[in-house]
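Please read them with the structure open beside you.

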Amino acid sequence: MSAPLRTLEFRDPLKAKQLGARLSEVVDQVGREPVSVMHVCGSHEQAIARFGLRSAFPKKLDVVMGPGCPVCITDVPEVDEAVALALQGVRVATYGDMLRVPGTVKSLGDVRGEGAKVEVVYGIDQALELARATPAEELVFFATGFETTAVATASALLHDPPPNFSVLSAHKYIPPVMEIVTEMPGSRIEGFLAAGHAAVITGSNVFEQFVRDHGVPVVVAGFEPLDILAALVRLTELVRDREPKVVNMFPRCVTAEGNRVAQEQLWQVFTPTGGQWRGIAHVPNGNLRLRDDFARFDARRRFTIDVAKLWAYAPPRLLGQCRCGEIMSGSKRPSDCALFGKACVPESPVGACMVSTEGTCRIWHQYGGHLDLRSVS
Amino acid sequence: MCLGVPGRVVSVNGFSAVVDFWGVQKQVLLHLVDEPVGPGDYVLNHVGYAIRKIPSEDIAATLAMYDQLLDAKPEDLMRQDIEGEVGASKGRP
């Protein structure tokens, strides 16, 4: 596309150095260590990893990735439901990343290899197309992801889906899990970086209640190295000044109110309900369930899903050693896991965090396996 | 992934648009975008839906950021996610 006129604004090494120095100064001013902040977005971790930002962060600052990978937090029983449907002979369509996510015994990829009808689609519109092309056959879309994909699912169900189409919702909603992670015993999280593009939908206002209730600041951040550094400076300033508030450092994309049209469709179709996030906790209001008006498109109400049958097999033994949950709650790093990079690699992942391009383990593995250079030196 | 991808609207037919992503044209749905969109506008897209009309003053900076992300090696995860997103819309109509 057009010439990158403003290249230097994103990658200017001098500016990065200045921001890094400023960050050190502010963290020093907090007067204790470590100062721990969390981001909840796979794209943020990718950016931090690919530019080696963590080695530029001050030693007293801990920036951890929380439950920001939609594939990773999809719970085992949810994968089991999709696998059971496929084994029952129902055609299942889902996003590509979901194929290799382990269920209790099998993944969707495993049962596809055994002949079940599992289709990979880029978006729900492709799943609808498949359903329309074969009206005599039921098609279930295994719908995963946060607000950004949930709005697409909602919109699809509001705009004339074919009668043979239904949704198995494993959609999750980010704001409630921030509360859970903050309240976890031993949690040291003092501030959050919120994902810029998810906030395009929800608006930065969505975090106001959380900040009021928990006294923890939230800064909405973009994805370039300088965006992230600048947002961290602002966030640590808020920690230093004990000033819990929401600050939008990505106004190029995010407004206070967000996309009202998308929000209206989201809440017309879904209602929040409590649910388990893989390896983390039961999160009140953290799952999105189809409202009763859309019961006919709810695969859970349309089919009897026989997951118990799957559990007759013994679960894979390694899964018990997987530290995915503690990594996503910020209490452990990938390098603390005995399986990381050894028994668990992208080619044969044990846990979901090694499957997705947004998973903490996959990102650390891709960019060198041991990203926190401070603990090496 | 939460990045989304920017593209230029080529044509609009009801709630369906043809959008150009780095020379590849794809169909994108407009039900979720909160402003009127027409040919020549730039939109941010995710899993086959436009989610935001990019204000004209922000287009150059937004495109520059993505151009840089796409300059990375093919195995780079951000580049892969963006390329996956471009595929997230139906094929060339």
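How many residue pairs are in polar contact between chain B and chain A, counting those with both residues at pLDDT 80 or more?

1. The model is a predicted one, and in it the count between chain B and chain A comes to 11 residue pairs in polar contact, both residues being at pLDDT 80 or more. Among the elements of chain B, strand 4 (42-46), strand 5 (49-53), helix 1 (59-70) and helix 2 (77-86) each give two or more residues to the side that touches chain A, and the largest share of that side, 10 residues, comes from helix 1 of chain B.

2. As for the extent of this interface, 42 residues of chain B are in contact with 49 residues of chain A, and the two chains bury about 4,000 Å² between them, with 60% of that area on carbon and sulfur atoms. The rule finds one salt bridge across the interface of chain B and chain A; the side chains of Asp76(B) and Arg50(A) meet in a salt bridge at 2.9 Å, N to O.

3. Within chain A, the domain assignment gives domain 1 (7-23 + 32-63 + 189-248), domain 2 (73-174 + 259-311) and domain 3 (315-375). The C-alpha centres of domain 1 and domain 3 of chain A lie 23 Å apart, and 14 residues of domain 1 are in contact with 13 residues of domain 3. The area buried between these two domains of chain A is about 1,100 Å², of which carbon and sulfur atoms give 59%. Gln46(A), Ala49(A) and Arg54(A) supply 39% of the area that domain 1 of chain A buries against domain 3 of chain A, more than any other three residues.

4. Turning to specific contacts between domain 1 and domain 3 of chain A, the count is one salt bridge and three residue pairs in polar contact, both residues at pLDDT 80 or more. The side chains of Arg333(A) and Asp62(A) meet in a salt bridge at 3.3 Å, N to O. On the side of domain 1 that touches domain 3, helix 3 (42-50), helix 4 (53-56) and strand 2 (61-65) of chain A each supply at least two residues, and helix 3 of chain A gives the largest share, six residues.

5. Is Ser36(A) buried or exposed? This residue, found in strand 1 (residues 35-39) of chain A, has a relative accessible area of 3% and is therefore buried, the cut-off being under 20%. Its side chain is joined to that of Arg188(A) by a polar contact of 2.7 Å. Leaving aside neighbours within four places in sequence, Ser36(A) is in contact with Asp62(A), Arg188(A), Ile189(A), Glu190(A) and Gly191(A).

6. In helix 14 (residues 260-269) of chain A, the residues Ala262(A), Gln263(A), Gln265(A), Leu266(A) and Val269(A) are buried. They lie on the same side of helix 14 of chain A because they cover an arc of only 165° around the axis. In general, an α-helix has 3.6 residues a turn, so residues three or four places apart point the same way. What covers the buried residues of helix 14 includes helix 9 (147-158), helix 11 (196-202), strand 10 (270-277) and strand 11 (281-290) of chain A. At the start of helix 14 of chain A, a side-chain oxygen of Asn259(A) reaches to within 3.1 Å of the backbone nitrogen of Val261(A).

Definitions and conventions:
Residues are numbered from 1 along each chain as its sequence is written. Chains are lettered from A and ligands numbered from 1 in the order in which they are written. This is a predicted model: local features need pLDDT of at least 70, side-chain atom pairs count only at pLDDT 80 or more; totals for chains, interfaces and linings use all residues. Side-chain values use heavy atoms; hydrogens and water are left out. Buried means under 20% relative accessible area, exposed over 50%, partly exposed in between (1.4 Å probe, protein chains only). Helices (H or I, at least four residues) and strands (E, at least two) are DSSP runs, numbered from the N terminus. The arc is that of the directions from the helix axis to the C-beta atoms. Contact means heavy atoms within 4.5 Å. A polar contact is a pair of N or O atoms within 3.5 Å; within protein, one must be able to donate a hydrogen and the other to accept it, and residues adjacent in sequence count only if both atoms are side-chain atoms. Domain bounds come from an automatic or database domain assignment. Buried area is the accessible area (1.4 Å probe) that two parts lose on being put together, summed over both. A salt bridge is a side-chain nitrogen of Lys or Arg within 4 Å of a carboxyl oxygen of Asp or Glu.
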